[in-house]
Amino acid sequence: MSLRTRNGAVLFGVESTPGTPETLTAGTHAVLVENPQINFNPQNVQTNEVTGSLDNRGPIVGGLQVSVTFDVYMKGSGSAGTAPEVGALLKCCGWSETVTATAVPATAEALGSGASQTAATLGASASGTAQAYRGMPVEFSTTVTGWSFITNYTTGKVATLTDDMGATLTTTTDYQIPVNVLYGPTSSSINAGTLELFQDGLKYKLTGCRGNMSVNLTAAGPGRFSFTFSGIMVSKTDVAVPSATYDSTRPPIWKNARSSLERVTAAIGTLTLDNGNTVVYPENPTATEGFDVSEITERGMSGNIDPAATLIATRDILTNMTAGTSGILLAGWGTAGGNRVGLTVPTALYTDDSPGDRQGIMTENIPYSAIGQDAGAFICFY
């Protein structure tokens, strides 16, 4: 009997104790993925013993390291304030999860005084905790209408915005932060997960999974996460593929949407963001495979964009790049509550600006570093 690659499923759950497998169920822990692959990396030692002949004795098989890769479309749960299927995966790649279950404020209220076209002073109901809303969307109404995202938030309730709102934001403007689930990079208490990969009658089970994530977003298409997880092999067994339950939402398309750089609308063809995690297996001879569960030891977020070129009067990336001046990068898409996505890079430091061509249209190829301590980028579902 042939085993078929398409007949598969992936279950994933955050572990209470890293390295202790969780009990996963197809009704709770299923994640809809594409292109799942498992790879083995046994730490073999090639010997060179003198055997009395020209033949060697073969390698000595050492501890086993395992990685699993797959892609996941960027989509919300379909219910605002409910974490998406991808949430557990992000948490095991060094991202924190913040659920804002009630709009702030519950009913839109007036802004405080002292703001500008690119910053708003939130009103009495807003938190006075620094960065409480960084990465979240905010909606304005009354005299200034429209959406923006928050790139910085101070104890004085001043929210720096991804957009120029076209008019000064004053007490005659109302605001509200909608119910949302926010993911942002963290350096502490990084989760590990249990992963089960089913392939047409085979089941691979891994524990202590941590990994790296990248984003690829293309105009007129859905966004996509690509994951690589490193874990410890628990078992390979003969188990039928379970009947998994997935949420019914489909990924929103990056069209009729938000795309801006330095608060100027940008016709970007492709946007990428790589988490840049360094994932290692700490050596430990007392562990089952001679290694402890994987650890994330370093992060270096970076990416690339290719906006259509503009006149210098509109946007001067080359001058900003050579001067070390960073910019704000924003992509926002989706129209249905609970399935809208915002990707914010508050501080994109350009590392090049090369002319390009896209179907005869002049473009700029702009690699960037997403800098900031635990603040390189934010992904929000709302």
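**Ser-260.** I looked up Ser-260 in this predicted model and found it buried (under 20% relative accessible area, with over 50% being exposed and the range in between partly exposed; 1.4 Å probe, protein chains only), as its relative accessible area is 5%. Ser-260 sits in strand 16, residues 258–261; helices (H or I, at least four residues) and strands (E, at least two) are DSSP runs numbered from the N terminus. I then listed its contacts (heavy atoms within 4.5 Å). Leaving out residues up to four places away in sequence, Ser-260 touches Thr-162, Thr-265, Ala-266, Ile-328, Leu-329 and Leu-330.

**Basis.** I note that residues are numbered from 1 along each chain as its sequence is written, and that side-chain values use heavy atoms, without hydrogens and water. Local features need pLDDT of at least 70 and side-chain atom pairs count only at pLDDT 80 or more, while totals for chains, interfaces and linings use all residues.

**Pro-105.** I checked the peptide bond between Val-104 and Pro-105 and found it cis, with omega about -15°. Pro-105 belongs to strand 6, which covers residues 104–110.

**Lys-157.** I noted a positive phi of about 70° at Lys-157, which is not a glycine. Lys-157 lies in the loop that runs between strand 9 (146–153) and strand 10 (158–161).

**Gln-359.** Where is Gln-359 found? I placed Gln-359 in the loop between strand 24 (354–358) and strand 25 (361–370). Its phi is positive, near 55°, in a residue other than glycine. Gln-359 counts as exposed because its relative accessibility is 79%.
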